Amino acid sequence: MRSPEDRGLRESATFDRAAIAAIQAAATTGVYDIRGWGAKRRVPHFDDLLFLGSSMSRYPLEGYRERCDSDVVLGDFHGAEPIHVQVPVTIAGMSFGALSAQAKEALGRGASEVGTATTTGDGGMTEEERGHSDKLVYQLLPSRYGMNPDHLRAADALEIVLGQGAKPGGGGMLLGQKLSDRVADMRTLPAGIDQRSACRHPDWTGPDDLTIKIHELREITDWKKPIFVKIGASRPYYDVKLAVAAGADVVVLDGMQGGTAATQEVFIEHVGIPILAALPEAVQALQELGLHRKVQLIASGGIRHGADVAKALAMGADAVSIGTAALIALGDNDPKYAKEYDELGSAAGYYDDFQDGRDPAGITTQDPRLAARLDPVEAGQRLANYLRVLTLEAQTLARACGKSHLLSLEPEDLVSLTVEAAAMSRIPLAGTTWVPGAGTRDSD
Amino acid sequence: METLKQGTAEIDLAVQSVRELNAELHAPNAQRYVVRHPRGAHAVAAGVNAPLEVQIDGDVGYYCAGMNQEGLITVEGSAGPGVAENMMSGVVRIRGNASQSAGASSHGGLLIIEGNVSTRCGISLKGGDIVVGGNMGAMGAFMAQAGRIVVCGDAGDGLGDSIYEADIYVRGTVGTLGADCIKKDMGPAHRKALRDLLAQADMAPQAEKQDYLDGFSRYGSARKLYHFTHEHARSY
């Protein structure tokens, strides 16, 4: 049978098949679409940057002979006991509840094998996670599900979550099919209800309050734990300055491509800005404070390979964080489950119904039968392999730029491929010195 | 730190820092502490993790007794926002008034506010108990998940908005009820729970008066918003 295009039919660019399907679904159900993953629309990204490499004016390092270090110290600015990660890639916060216990264990195993950190999520800290994570960041979220001072003290760092890239200004969500007895007990909720958690913290309402909140957390933990503040990328120039003024040791900046376990499609695709646009704003804020590379900046949202890692660091991040990519490394969207994805109305490579709890790969589920499919040891090994590849790729690019440490990468190593990317990243358009819009902020 | 008598120590915040106070409370050398001149300091007695008796002679700022575990903490004055936030166990008593978000997200223990309490008292409550001798401001028990709140005076607008399985007892008037919060029957078990809470709050004389207990009404969740549907667009 000939395709519609072969028959001369023309698809609307505005009302494409996805838009038509969304209207039809809304008309049928009366409820908006909720899904996982992050923004799927095309946005300016690290793909729109290139490394220049070395030539006459830059001297490269030997690719297989000369060292290029990758370790980063996170959280030492206010004198806490910092986290020293061996690779500049950490695992982003993802909850037990959104993920199976096996998946959380696998994340801990993989991260620990390469000497990096993993992060809890909305719902508290599990024994599996703490037990298998050498370096664990404990999130303080608006819901405070499972928040426990014993876990504060057991963590290696604390992360106050103000928002995430997939939904700046939105709260967490866990639909009833994933609110198992264990998850419900950890969150002090009735099992099986649709959990929609708060988007605002219950006991502070602005940056001045946050300063006092951070002081309280430092007091409770005897000033030993680094404090991370995570923001969804929306107004990063101001948010970073306020977070630092409030006392953050580390700022985590999550772009709109960052993943979620369950959020409204309209929120995922239409709120927040890409990490490419957010990162220069955050770096500028830190530079103006004189704290760039002192208060560390972790960038996340759409990191896939070592080039993304290296580009983020060259733009001024101290490390990156991965969520979606880590799940894929564990086995998410694996083609071996193609038939089951089809039966769920999706396909391998497209599956994003993390909210449904029917994940064939056993990752975004609380169904014991499905969760048992994921071997935490094997999946953890896959994640460790992937983290090593990310690091090796980033090192390869850094050596080509003549850098003996990944943190020595700099904006001058990059050019932009498009006018939009040049304007957002503040990296000149390739072959020119042109940065569209440079100097538009008052403080530039 | 000055030892007053065996097992009791005094810390003067006019001389020593909150850091020194909390470090001492986290590795205690006494069973009972008297804290002088708090002068509205923040995070006073935060993170106590032992059955210590702490008496604070004056007003405190934000997050006094934050995340308390087992501590028996008394504020001989008023408290700023977030007093006893995320308390796990123990007893915190405020002789005066308390500001917003008192007892926020508390998992256990008992918070007693002898005076009035401001907005969002018991927000996200997760199993702790709160007894308010006076009035409670707006949005009390917002999203409260478990635990009990007793208000001997009046409660403000938006009481129990989006409440889950917590119980609220109010003796006076209620401004308005929040989304999904309804008035419920007061059965024998609830009446006993109320009496016991009042007694634990050292209000035994009132707790034993039947007509005093008769004045209370119970509020809780209608459980109509537990599962999201398109019908909810007008509910919030």
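Trainee: What stands opposite G232(A) in β12(A)?

Mentor: D254(A) does. Keep in mind that this is a predicted model.

Trainee: How do you know that β11 and β12 of chain A pair?

Mentor: Five bridges join β11 (residues 227-232) to β12 (residues 250-254) in chain A. Pairing needs at least two. So the two strands pair, and they run parallel.

Trainee: Which helix packs on the sheet and touches β12 of chain A?

Mentor: Helix α9 (residues 275-289) of chain A, which also touches β14 (296-300). The direction of α9 makes about 175° with that of β14(A).

Trainee: What is the strand order in the open sheet of chain A?

Mentor: β5-β15-β14-β12-β11-β8-β7-β6, eight strands with parallel pairing.

Trainee: What makes β5 and β6 of chain A edge strands?

Mentor: β5 (89-91) and β6 (118-119) each have a single partner strand, so one side of each lacks a neighbour in the sheet.

Trainee: Which residues of α6(A) and α7(A) meet?

Mentor: P207(A), L210(A), T211(A) and I214(A) of α6(A) meet L242(A), A245(A) and A246(A) of α7(A). By class, that contact has six nonpolar residues, one polar and no charged.

Key
Residues are numbered from 1 along each chain as its sequence is written. Chains are lettered from A and ligands numbered from 1 in the order in which they are written. This is a predicted model: local features need pLDDT of at least 70, side-chain atom pairs count only at pLDDT 80 or more; totals for chains, interfaces and linings use all residues. Helices (H or I, at least four residues) and strands (E, at least two) are DSSP runs, numbered from the N terminus. Two residues are in contact if their C-beta atoms, placed from the backbone, lie within 7 Å. Axes are lines fitted to C-alpha atoms, for helices over the stretch in contact, and angles run from 0 to 180 degrees between N-to-C directions. Ala, Val, Leu, Ile, Met, Phe, Trp, Tyr, Cys and Pro count as nonpolar, Asp, Glu, Lys and Arg as charged, and the others, Gly among them, as polar.
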